[in-house]
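Work through the exercises below with the sequence and the 3D structure at hand. Each task is followed by a solution in steps.

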Amino acid sequence: GVVNLNAIVREVLESIKFNSKLRQDVRQVQHLKAQTEIPGDRDKLKQALLNLVINAYQAMDKSDHPELEVETQDQGDWLVLSIRDNGCGIKPENLKRIFEPLV
């Protein structure tokens with residue numbers, strides 16, 4: 001089907017606020033400027049985004065002023081989704097493995 005990524009982002013960010021396992025003081029910043037709807041599986045996109053956001057929250061476990069920024073924008077024929085956090089980052093030795101599937 002066709003999905004509105006902005007709606008999925010809003011849903012995920014709202015639901016994460018109620019996850020008692022994650023810190024509740026993360027400042028969420030949303031810049032949802034994309035107008036384009038995209039073909040895709042809504043549930044799978046939502047799960048992928050949820051995984052990314054949970055990962056970002058966990059990376060900010062020790063941050064003094066945790067902030068998660070999510071942006072969508074149209075760029076030509078593309079819809080670009082950017083997610084930034086101010087967490088601990090990825091150790092250099094693990095960077096080369098970030099696209100390996102988890103087993």
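A residue counts as buried when its relative accessible area is under 20%. The model is predicted.

**Exercise 1.** Find which residues of helix 1 are buried, and explain how they are arranged around the helix.

Solution.
- Step 1. Helix 1 has twelve residues, and its first and last C-alpha atoms are 16 Å apart, close to the expected 16 Å.
- Step 2. The buried residues of helix 1 are L5, N6, I8, V9, V12, L13 and I16.
- Step 3. Viewed down the axis of helix 1, these residues fall within an arc of 160°, so they line one face.
- Step 4. An α-helix has 3.6 residues a turn, so residues three or four places apart point the same way.
- Step 5. The cover over this buried set includes strand 1, strand 2, helix 2, strand 4 and strand 5.

**Exercise 2.** Identify what caps the N-terminal end of helix 1.

Solution. The cap is N4: one of its side-chain oxygens lies 2.9 Å from the backbone nitrogen of N6.

**Exercise 3.** Describe the largest nonpolar core and the place of V53 in it.

Solution.
- Step 1. The core holds 20 residues; V9, V53, Y57 and L68 touch the most other members.
- Step 2. Helix 1, helix 2 and strand 4 each supply at least two core residues, and helix 1 gives the most, with six.
- Step 3. Beyond its neighbours within four places in sequence, V53 contacts V12, L13, I16 and L68.

**Exercise 4.** Decide whether M60 is buried or exposed.

Solution.
- Step 1. M60 sits in the loop between helix 2 and strand 4.
- Step 2. Its relative accessibility is 0%, so M60 counts as buried.
- Step 3. Outside four places in sequence, the contacts of M60 include R23, V26, P66 and D85.

Note on methods:
Residues are numbered from 1 along each chain as its sequence is written. This is a predicted model: local features need pLDDT of at least 70, side-chain atom pairs count only at pLDDT 80 or more; totals for chains, interfaces and linings use all residues. Side-chain values use heavy atoms; hydrogens and water are left out. A nonpolar core is a set of buried Ala, Val, Leu, Ile, Met, Phe, Trp, Tyr and Cys residues joined through side-chain atoms within 4.5 Å. Buried means under 20% relative accessible area, exposed over 50%, partly exposed in between (1.4 Å probe, protein chains only). Helices (H or I, at least four residues) and strands (E, at least two) are DSSP runs, numbered from the N terminus. Contact means heavy atoms within 4.5 Å. The expected span of a helix is 1.5 Å times one less than its number of residues. The arc is that of the directions from the helix axis to the C-beta atoms. A polar contact is a pair of N or O atoms within 3.5 Å; within protein, one must be able to donate a hydrogen and the other to accept it, and residues adjacent in sequence count only if both atoms are side-chain atoms.
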